[in-house]
Amino acid sequence: MSDITKQSLTELVENIKNKKLSSTDVTKAFIQRSEKSSELNAYITDDFAPALDKAKKFDQNPNLDLKLPGIPMAVKDLFCTKNVKTTAGSKILNNFVPTYESTVTENIWNEGAILLGKLNCDEFAMGSSNETSHFGNVQNPIDKNLVPGGSSGGSASAVAGQLTPITIGTDTGGSIRQPASFTGIVGLKPTYGSCSRYGIVAFASSLDQAGPMAQNVKDCALLQEVISTYDSKDSTSINFKRNHYSKELTKNIKGKKIGIPKEYRVDGMPKEIEDLWQKGIQYVKDCGAETIDISLPHTSYALPTYYIVAPAEASSNLARYDGVKYGYRAKGENLIDMYEKTRSEGFGAEVQRRIMIGTYVLSSGYYDAYYLKAQKVRKLIKNDFDEAYKKVDAILTPSTPSSAFKIGEKTNDPVSMYLNDIFTVPVNLAGLPGISIPAGHDTKGYPLGLQIIGKAFDEQNILNIAFAMEEKINFKNKITDWWIK
Amino acid sequence: MNKKNTEYLINRKDNQYEVVIGLEVHAQVLSESKLFSSSSTKFGAEPNTQVSLVDAAFPGMLPVINEFCIKQAIKTGIGLNAKINKRSVFDRKNYFYADLPQGYQISQFKDPIVGEGKVILDMPNGQKEVGIERLHLEQDAGKSIHDLDPQNTFVDLNRSGVALMEIVSKPDLRSPDEVNAYIKKLRSIMRYLGTCDGNMQEGSLRADVNVSVRPKGSKEFGTRCEIKNVNSIKFMQMAIEYEANRQVDLIEEGKTIDQETRLFDTKKNETRSMRSKEDAHDYRYFPDPDLLPLEVSEKFIEELKNDIPELPDDKKKRFIEEFKLSPYEANILVSDIDTAKYFEEVVAKMGKNKDIKLAVNWITGELFAVLNSKGLEISQSPVSAKNFAILINLIKNGTISGKIAKTVFELMIDGDKDPQKIVEEKGLKQQSDPKALEALIDKIINENREKAIEYKQGKEKLFGFFVGQAMKASGGKANPQLINEILKKKL
């Protein structure tokens, strides 16, 4: 059984198609491992019994032409799943059961996959360590008391810990790539408009994007192929020609020009990150690509810009959680009192902080100085990339400025926590695709990731580069199963 | 009040004040479904039966623009002679209320879909032009119901998300009468276009009224107050009258006017403060990140322009030229699209040898009277345009007299009967055979020899007596003109 959970998605699909494994075998194996892994706290809600029923049903009449035939899969609890509780990691939605399915998860089930459960995340995806979840911390399978990163911390932990063969997260400022980097897995944030936002609990609408988190690049490409569809229910969904990412995946990246942006060499960056980056540069060269030094001059403004735009949108997006229609409701003397109590009790500290920041930057008198200026800077950041892409095909950077940190280490220092996103937020602001791949270990043996940023809609290219580098890096995640009961 | 010069002024001692009014009209877009969802917009449904997940702001739900509503707004803009903005932006207007599920209203703030335009009002002392500042699209909120339960407020979200056009006028209006004419003109234009049904009872048309006063002749504006959500023209006029007088009184007492939002109490006929400028909401407008800026092409606008029907101003001009109507008559006929339609159908059905003047008199006279007394719209007229046209032709060609026509018309009302048939069945056809009438008159003269002699001796009044007798003898069917001619000859 333990063999099953060690297999990659691609292997499992192959084994089910060859009838070497049944969906029931696979589903059972992941359920059993998940059940032994409660210490990771990766799940908010499990759906194990129905999953097993679905697997048995699948096996009775298996459709092996599907891309994810009978594959069990847990997903981040930000995706609305029909008849399965969806909390967004928040007390305010702790009793919310959607009557509808997000487009992204719908696409996954339509290809034969089976929901295992809903994975822990930072509350409303606001956080970089999964410590803001109302449902508690998530442990990083790499080491005890280590954060898995965030906000898709439960997703990262579940893939690295082999509780699910693959998963989906959402990435607003790095929420897929940073936890992927912290847990030694692959995470792709697609181009804005690639995956529908319909049915995903919104954090910051102009930045949110769903994407795959996987054990390897090929699995990642396969899931991206499934989830990326044009959706008329999302006005920001873009109708472009989507590749068959897994079929078209190639390690041949000869002659590709890879940009190395000098502005990502930030003050105080640990030497091991710098070393990792240099190694990455060597890897791409070994693959036959060419590296070119480039400049993205407005990079240092990305983080402050992000922490204006994202909270502004969030403050408005979260106004609907008012206790009137669904979710948590506190008793109040009158409407205003009910609102205040519901929202004070229902939202955690980090969410409240961001609502306040967002409300402030949108207030009359401050709007021009903050929100409007941030929008202008956002445009400049995008222009930086446009300019760079005249010379290069992709950009290589570290994924994060450090490896995973200890639980509680940064909870009292929000700014230091926000600095985690320094290499990932520019990508969201510019709406570009970015992938994090595991590329090495730090001195403590914790994984470190490298990020490849692509042109808009050029997911295939960064997947190919990642695929080529993956072979050279030959990364092995050091999982000891310390949490297994 | 000074009615001289038809100027609306408020007098206090030696001072005269002019009233300055601007309107923000909220017109519900005539559409099957809501602005950002596919729920029905039908009025009067059971509470909360026309609510989609988008309208109720469920997590992860996203707005998708209803293209038909965009077309309706652009058409209205064209009808208001306004600039159509090829790029417009939907913004979020953020505030908390129980009947606002999203916690924000999607509206247009900086970049509305329609820019400056104008409408022409026909006032008794001539035409008046009123400037339009802008027209923007926005979602309606739901409805809070406070009086069904002593403890709780109920919320009905059927209206939540319905498309509204907010039409903002320039502060060009100067009296309650002009406001009346302005609202009616807007309503008329939108009904011609089919972009708003203008039904004020159902709340399809309501307005926020901005009122300020200033000494007559002053060029500067006074401090304005906004009276929220007034839903009938009569109430708008009453509210303006009360509010203008209130402001003048404050000035006369040496006090200042606070810029504030006020409510009109229809029972007490007064406005009262709702919130001051200091308490005004900070709506934190910002572009809705769920919606891309709305771009429309020149071609799109041109196609809509080609789709615009003849509007009241043009129709009026044509009626005057083509049918030789007076401006007054033309106005009455064009102001309501259904009246214009009815009239034009009557004209068409009357055929070649038609008497348009007669038709106009009958529409504005007999038909309007019947509609009024029955409380019907002309679209519900008990007499069809076709039968109405036949009736007018029967008068015109002398088949029946005007007097008989009134009898026939009354019979037509019950079940839209064919007047030709009524005339035949009831034998109401006018007697125009001179020989038959001569015989009839000979008989009357014979029976009233003495009176005939008196008439000949100079008692001319008696001519009427003979006409009356002749009409009576013919059962009212005799052609009065012929009767006159024959009597003059015989007596």
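View 1. Ala394(A) stands opposite Gly454(A) in S11(A). This is a predicted model, in which local features need pLDDT of at least 70 and side-chain atom pairs count only at pLDDT 80 or more, while totals for chains, interfaces and linings use all residues. Residues are numbered from 1 along each chain as its sequence is written, and chains are lettered from A and ligands numbered from 1 in the order in which they are written. Helices (H or I, at least four residues) and strands (E, at least two) are DSSP runs, numbered from the N terminus. Strand S9 (residues 394–398) of chain A is antiparallel to S11(A), with 5 bridges between them; two strands pair if DSSP finds at least two bridges between them. Strand S10 (residues 434–441) of chain A also runs antiparallel to S11(A), joined by 7 bridges, and here Ile437(A) has Leu450(A) as its bridge partner. Look for the hairpin of S10(A) and S11(A), with 5 residues between the strands and Gly445(A) in the turn at a positive phi of about 90 degrees.

**View 2. The two faces of S11(A).** A residue is buried if 20 or more other C-beta atoms lie within 10 Å of its own, exposed if 12 or fewer, and partly exposed in between, with C-beta atoms placed from the backbone. In strand S11 (residues 447–454) of chain A, 8 of the 8 residues are buried, so the strand is largely enclosed by the rest of the structure. On one side sit Pro447(A), Gly449(A), Gln451(A) and Ile453(A), and on the other Leu448(A), Leu450(A), Ile452(A) and Gly454(A), all buried.

**View 3. The surroundings of Ala88(A).** Ala88(A) lies in the loop between strand S2 (72–76) and helix H5 (103–110) of chain A. Ala88(A) counts as buried because 34 other C-beta atoms lie within 10 Å. Beyond its neighbours within four places in sequence, Ala88(A) is in contact with Asp77(A), Leu78(A), Leu93(A), Glu123(A), Phe124(A) and Val201(A); contact means that the C-beta atoms of two residues, placed from the backbone, lie within 7 Å. Phe135(A) is 47 residues away along the chain, with 9.9 Å between its C-alpha atom and that of Ala88(A).

**View 4. Where chain A touches chain B.** Here 33 residues of chain A are in contact with 24 residues of chain B. On the chain A side, helix H10 (302–317), helix H11 (335–346) and helix H12 (349–362) each supply at least two residues, and H10(A) gives the largest share, 3 residues.

**View 5. Helix H15(B) and what covers it.** In helix H15 (residues 480–490) of chain B, the buried residues are Leu482(B), Ile483(B) and Ile486(B). They line one face of the helix, because they fall within an arc of 100 degrees seen down the axis of H15(B); the arc is that of the directions from the helix axis to the C-beta atoms. Gln481(B) and Lys488(B), on the other side of H15(B), are exposed. Helix H12 (434–447) and helix H14 (462–473) of chain B are among the elements that cover the buried residues.

**View 6. A three-stranded sheet in chain B.** This open sheet of 3 strands has the order S5-S4-S15 (chain B) and antiparallel pairing. Its edge strands, strand S5 (104–107) and strand S15 (286–287) of chain B, each pair on one side only. Strand S4 (residues 91–94) of chain B is joined to S5(B) by 4 bridges, and Arg92(B) has Ile106(B) as its bridge partner in S5(B).
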